[in-house]
Amino acid sequence: MPATQQVIVIGAGLAGLAAATHLAETGVGVRVLERAEAPGGRVRTDHVDGFRLDRGFQVLLPAYPEFRRLVRPARLGLRGFTRGALVRDDGGMRLLAGPWHGPRAVRDVARFVREHPGDVLALARLALRDAVLPASALRRAPEHTVGHDLRRRFSTETVETLLRPFVAGVFLDPGLATSARLFHLIWRSFVLGGAAVPELGMQALPQLLADRLPPGTVETGQEVADLGEHDVRLTSGETVSADAVVVATDGTTAARLLPDIEPPAWHAVTTWYYRTARPPLSAPTLALDGTGDLPLNSLVNSQAAPTYAPQGTSLVQASVPGIADSAGSLEPAVRERLAVLYDTETRDWHLLATYPIEHALPVLGPDAPLSRPVRVRRGSYVCGDHRDTPSIQGALVSGRRAAQAVLADLARR
């Protein structure tokens, strides 16, 4: 493909960087225009008083197929989480993890097996099924909500105390209305590879992709005002001509620039970060609280990646889906729940930052397609996790699909 052909990619999030990577590899000239001061889109990490704060609680599943196609995981210094969870129910806290995590895990798992033998077998069958079946088979499964799917497999108690908090944490959906097909695809990656974070924060992933592009490809501080038929107009007044334009913004912005597509509905989340003198938990174990009206998940981030906090301190995150707490009215209740969750005093914890994120994840109901078109018309394309599964995997896949559509159309010319 001649390098004289130029493609403009609007947005340096994961989808835009993936599209730019595939295009640049073929020799096409690529210019990535990013409104913010750094690449990453919604995957960003702030530095506050020596702490690394991801903008909202985000994790990477190393078993994502598209991630493994694009990135060598060793380049990110991934730090894994416990394969299990600390779960609160009416009987207190239970550590549901492998026996190698110590006597408490052995005791709590044995108790769970005694009380819910059918659920334990169902969980094992589900893990084996989703790990063994090809992803294509999971995508063709009948259309149900994840709530319907889980309730036909597990007891009400296990759904409410274990699985609902997990779904609320991963999909930001305590109502369990998410597509069951999406749940099984993500669950498959959890089973095959667990969860992790890069040692330098989640923004290390988009930064790695940006650094692999030719120097000068990604231009920050460039905001697009609107699109013409063969050009892009910036708020600075500059007009840039291109053979093709890929809109790789969030779904709401994409629908403003491309009126032919529908904007997605969104799940929201609020994340609080606390500085503590000592870690309330010695392991990087996700803590889930499914009791009461506050579906909360928490993690001691610095136990997963010590680089998230200065030496001698600890970093704890807590997230609640579907709430934007800009006024701080919910924080005292969150702090109170954390005290119960970790069985420790939290009044001396210092609140570092609060992230109310209205547009955290696109909603994907059971009737929604798992893959949407990326070609709007010849010369105009769109990608992002609103075109595939709402996940890092979906964002990266959509970028590749958009690049393939661009290359196919340019070749026809």
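Analyst: Start with the term itself: a salt bridge is a side-chain nitrogen of Lys or Arg within 4 Å of a carboxyl oxygen of Asp or Glu. Keep in mind that this is a predicted model, where local features need pLDDT of at least 70 and side-chain atom pairs count only at pLDDT 80 or more, while totals for chains, interfaces and linings use all residues. Residues are numbered from 1 along each chain as its sequence is written, and side-chain values use heavy atoms, with hydrogens and water left out.

Searching the whole structure turns up 25 salt bridges. Take D385 and R42: their closest N and O atoms sit 2.8 Å apart. D385 is in the loop between β20 (380-382) and α13 (392-412), and R42 is in the loop between β2 (29-34) and β3 (45-48), so this pair ties together parts that are 343 residues apart in sequence. (Helices, H or I and at least four residues, and strands, E and at least two, are DSSP runs numbered from the N terminus.) D385 counts as buried, at 5% relative accessibility, while R42 comes out partly exposed at 32%. Here buried means under 20% relative accessible area, exposed means over 50%, and partly exposed is in between, with a 1.4 Å probe and protein chains only.

D130 and R129 make another salt bridge, 2.5 Å from N to O. D130 is buried at 0% relative accessibility, but R129 is partly exposed, at 27%.

E331 bridges to R335, with closest N and O atoms 3.0 Å apart. Both belong to α12 (residues 331-342), where they are four residues apart, about one turn of the helix. That spacing makes sense: an α-helix has 3.6 residues a turn, so residues three or four places apart point the same way. Both E331 and R335 are buried. Salt bridges can also join up, as R31, E219 and E238 are linked in a network of them.

A105, D108 and F112 of α3 are buried. They cover an arc of only 75° around the axis, which puts them on the same side of α3; that arc is taken from the directions from the helix axis to the C-beta atoms. The face turned away from that buried side carries the exposed residues P103, R107 and R114. Among the elements covering the buried residues of α3 are β7 (92-97), α4 (117-132) and α7 (156-171), counting contact as heavy atoms within 4.5 Å.

Compare that with α1 (residues 14-25). Ten of its twelve residues are buried, so α1 is largely enclosed by the rest of the structure. L14, L17 and H22 are among those buried residues. Their packing partners include β2, α9 (204-212) and α13. After α1 comes G27, with a positive phi near 95°.

Stepping back, the protein has 13 helices and 20 strands, and 57% of its 413 residues count as buried. Among contacts between residues at least 6 apart in sequence, 70% join residues at least 24 apart.
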